There are 2 protein chains.
Amino acid sequence: MTALCDRLFRKTINGNAGGILNGNKGESAVASRYATRRCDRRIGFEWTQEPVPTLGEGQILIHNIYLSLDPTNRGWLTEGGNYLPPVAIGEVMRGFGIGVVEQSRNSDFPEGTFVQGFLGWQDYAIADGTNLYELPKDPSIPLTAYLALFGFIGMTAYFGLLDIGKPKVGETLVVSGAAGAVGSLVGQIGKIKGCRVVGIAGSEEKCRWLKDELGFDAAINYKTESVVESLQQHCPDGIDVYFENVGGEILDLVLSLINLRARIVLCGLISQYNATEPVPGPYNLSNILNKRAKLEGFIVLDYFNRAQEALVDLSQWYAQGKIKYRVDVIDGLENAPGTINKLFDGTNQGKLIIRVSEE
Amino acid sequence: MTALCDRLFRKTINGNAGGILNGNKGESAVASRYATRRCDRRIGFEWTQEPVPTLGEGQILIHNIYLSLDPTNRGWLTEGGNYLPPVAIGEVMRGFGIGVVEQSRNSDFPEGTFVQGFLGWQDYAIADGTNLYELPKDPSIPLTAYLALFGFIGMTAYFGLLDIGKPKVGETLVVSGAAGAVGSLVGQIGKIKGCRVVGIAGSEEKCRWLKDELGFDAAINYKTESVVESLQQHCPDGIDVYFENVGGEILDLVLSLINLRARIVLCGLISQYNATEPVPGPYNLSNILNKRAKLEGFIVLDYFNRAQEALVDLSQWYAQGKIKYRVDVIDGLENAPGTINKLFDGTNQGKLIIRVSEE
């Protein structure tokens, strides 16, 4: 039934939207977008188009360039939302992205300004400048770096690890979802801070990348290895900090090996975002008690007022070659609904981004 | 089979130990005790007796008076122990208690000194003074108060709530196991600190005691009420601090109602100490993430160096009539194995204590 829903949506796209996405650049007479739609108790997407309204005083028209696809987007499609309210049925799907101001009636954002913010799953966005951030014009930094490193992804890794995880020199840090956009940065920051870093990822290629390119001390392929045996092998002194992106069984295995006063940064639970049945929490909860450990939820939105701290360090580390990232850019807004699944089946190769239009 | 084990142990008691417990006061020729014993994959107790050895230099002989029975004792009988290593098979069961020095070759502990410490499930203990604490001689304070309020029970409630839970004036505090020794103090300290306090307990009598005697704002009988509906009713502003003594389903229900940055003090998981199958953690783990909440394990042993802070406040509140406790004293060391079950079936009425000998 879900597949049927997907086909129905796809058909709508093919029927109504073909060619328009690539045809209206600069004209801005028609904006294309994905609005949410309920289908068979699930929420899917519907391709809609509408004329771009005339700008009011203070408004700007943004031509979107890159759309960031992130695991957290999934939570915005659930009945209760997550840390943000759900996207109401019929509204444009919420999404973070980068665009360029094409028309402006707001002197803070003149035409040609590059901006980032919640621009939505659409090719044109109207905004009044609230919660919109101007990007610096630095030709040495590709625009995608603002999504993969210098934006909220980098801040998530930076504040989640340093502010919640509080790693100390010589401690052992384990990261799940280690080859993901956030996880790969967390591990590298852990190395910079003097930790032994062990990553958990889902393919040999990802594990090689973590060890050979990013300098992780060890990487565990959870699809082919016994995670608990590999953790025991690679964490001979136990686990002091665990950066959790995944949830489920891996959290339980890690909990069985934590040290006294371990810190568990609960940043994501991607393994259960698509679950249709309730997912049990860790069976080893008692070890949090016995080890006086701390499990703390973390949302990067709370740290936007401290962004500068992260950006100063991340820029410096990037310039020094101490921190790397990779992006997985897919062309075409129309591919967003299909592409976001790459985050959940593990086939993405770096920060997942939709190219909505050419830079 | 377990029942058979229990009967076997009981038979040993009746056969070997009858009368001796009450007969040897002052003689100290024979010490009676419960040692641990493996039976049918479980760990039980075996009554043993042995002559009291002659004191070496620096040693004291303590005649035990009160033995504290606590949920945490159960964890010491599991294969891995909990925050303390398990009691080895054949060793005297570990237990906290109060006794009086009957013979002394240690000038720090002269004869007649009242002491508390890990005296064990036995009527006489030999000690060298390490980890043993002298009790003040204050005729206005009954000895049992040192187990129910001024000892580690009071410190558990005090530091767990204030240091980990960090309640603020006007916040809502929920306590599970609220009529237990720790829970009842937590709620009263919460009231002193200006919180709205809601307790969860297992009988009408306990709920009445919490509300009418201890001043809780509300008490929920989890055996007869819908806990989630009652929590919604009694916590109209959500839950800011949860003091967890129980685990299981109640933790899950509370997690569904926590506020932003809620603190969950993981002090005990009594509902699962006797479990024979692995017990799943909270299904609502994702709410810890979404609400940036913190779940932290807590063991009072870590706070012994700060005992004075707790004792000063607890003494003052007690003198002011702001804090009350009740004790459930059962006569006879021989009854310890049967009595400890009162903690797990909820039939205890206050701090559970075994009277090993007359004061």
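Q: How are α5(B) and α6(B) oriented to each other?
A: This is a predicted model, in which local features need pLDDT of at least 70 and side-chain atom pairs count only at pLDDT 80 or more, while totals for chains, interfaces and linings use all residues. Residues are numbered from 1 along each chain as its sequence is written, chains are lettered from A and ligands numbered from 1 in the order in which they are written, and side-chain values use heavy atoms, with hydrogens and water left out. Helices are DSSP runs (H or I, at least four residues) numbered from the N terminus, and axes are lines fitted to C-alpha atoms over the stretch in contact, with angles from 0 to 180 degrees between N-to-C directions. Angles under 35 degrees count as roughly parallel, over 145 as roughly antiparallel, 65 to 115 as roughly perpendicular and the rest as oblique. Here the axes of α5 (residues 152-165) and α6 (residues 181-192) of chain B come within 8 Å and cross at roughly 50°, and α5(B) and α6(B) are therefore oblique to each other.

Q: Which residues of α5(B) and α6(B) meet?
A: Contact means heavy atoms within 4.5 Å. On the α5(B) side the residues include B:Y158, B:L161 and B:L162, and on the α6(B) side they include B:L185, B:V186 and B:I189.

Q: How do α5(B) and α11(B) cross?
A: Their axes come within 10 Å at roughly 100°, and α5(B) and α11(B) are therefore roughly perpendicular to each other. B:G154, B:M155, B:Y158 and B:F159 of α5(B) make this contact with residues of α11(B), among them B:D313 and B:W317.

Q: How much area do chain A and chain B bury between them?
A: The size of an interface is often given as the accessible area lost when the parts come together. Chain A and chain B bury about 2600 Å² (1.4 Å probe, summed over both), with 63% of it on carbon and sulfur atoms. In chain A, A:L285, A:L289 and A:R292 lose the most area to chain B, together 26% of what that side buries.

Terms used:
Helix = DSSP H or I, 4+ residues; strand = E, 2+ residues; numbered from the N terminus. Buried area = accessible area lost by both parts, 1.4 Å probe.
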